[in-house]
Amino acid sequence: MPQIQLTPAQRKEHRALAHHLDPVVMIGNDGLTAAVTKEADAALSAHGLIKIRVFSDDRTAREATFQALCDSLNAAPIQHIGKLLVLWRPKVEKDRPQDEDRMPGPRDVKVLKYSKRGGQRPEVKTLRVLGNQRLTAGGTVKRAKPKQTSVKRRSQT
């Protein structure tokens, strides 16, 4: 598979994003094995931008490993500095089906409770309101009342 070609500006941006990352794949004395390639592929699919640490002292072997990984994983080579390799591949967005019947989930609401004395700060409380609850004017959480139906309508169903 061919490598992804990036402009120098794109490569610079990815290098900056990769600066704080820790290596997620380690290549030991056995070199580039099928298991290492599989782990690197899984990490690229999950993260998109990864660092790989190579424990080999031979620079030419590290460069060959870097190129082989980029070719086999269809990834863009971002940086090879010392024993660290940085690879990038765009993440595939997952299609999540939308459920029309889904109700809204819990939400966090901040409530201010003012003091009876004028000079004190109001107390800030964060309350979690669930889907079947409501917040009253006084700042308390009450369970929502069930939908009221008339006697006539109840007898029809």
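D57 is exposed, with a relative accessible area of 68% (exposed means over 50%, buried under 20%, and partly exposed in between, using a 1.4 Å probe and protein chains only). D57 also pairs with K83 in a salt bridge, with the closest N and O atoms 2.8 Å apart (a salt bridge puts a side-chain nitrogen of Lys or Arg within 4 Å of a carboxyl oxygen of Asp or Glu). This is a predicted model, where local features need pLDDT of at least 70 and side-chain atom pairs count only at pLDDT 80 or more, while totals for chains, interfaces and linings use all residues. Residues are numbered from 1 along each chain as its sequence is written, and side-chain values use heavy atoms, with hydrogens and water left out.

**Salt bridges**

- A search of the whole structure turns up four salt bridges.
- K83 itself counts as partly exposed, at 31% relative accessibility.
- R89 and D41 meet through their side chains in another one, at 2.8 Å from N to O. R89 is in the loop between β4 and β5 and D41 is in helix α2, so this pair links parts 48 residues apart in sequence.
- Buried or partly exposed: where does R89 fall? R89 counts as buried, at 14% relative accessibility, while D41 counts as partly exposed at 32%.
- E63 and R59 make a salt bridge too, with their closest N and O atoms 3.3 Å apart. These two are four residues apart in helix α3, which puts about one helical turn between them. E63 is partly exposed at 35% relative accessibility, and R59 is partly exposed at 41%.

- Helices (H or I, at least four residues) and strands (E, at least two) are DSSP runs, numbered from the N terminus.
- Five of the five residues of β4 are buried, so the strand is largely enclosed by the rest of the structure. Both faces are covered, with L84, V86 and W88 buried on one side and L85 and L87 buried on the other.
- β4 pairs with β2 in the antiparallel sense over five bridges (pairing takes at least two DSSP bridges between two strands). K51 stands opposite V86 in β4.
- Strand β3 (residues 76–81) also runs antiparallel to β4, joined by five bridges, and Q79 stands opposite V86.
- β3 and β4 make a hairpin with two residues between them, and G82 in the turn has a positive phi of about 65°.

**Nonpolar cores**

- The largest nonpolar core has 16 residues, and I52, L69 and L87 touch the most other members (a core is a set of buried Ala, Val, Leu, Ile, Met, Phe, Trp, Tyr and Cys residues joined through side-chain atoms within 4.5 Å).
- At least two residues of this core come from each of β1 (23–27), α2 (34–47), β2 (49–54), α3 (59–73) and β4 (84–88).
- A second, separate core of seven residues includes L6, A76, I78 and W88.
- Leaving out residues up to four places away in sequence, L69 touches I27, L32, A40, I52, L85 and L87 (contact means heavy atoms within 4.5 Å).
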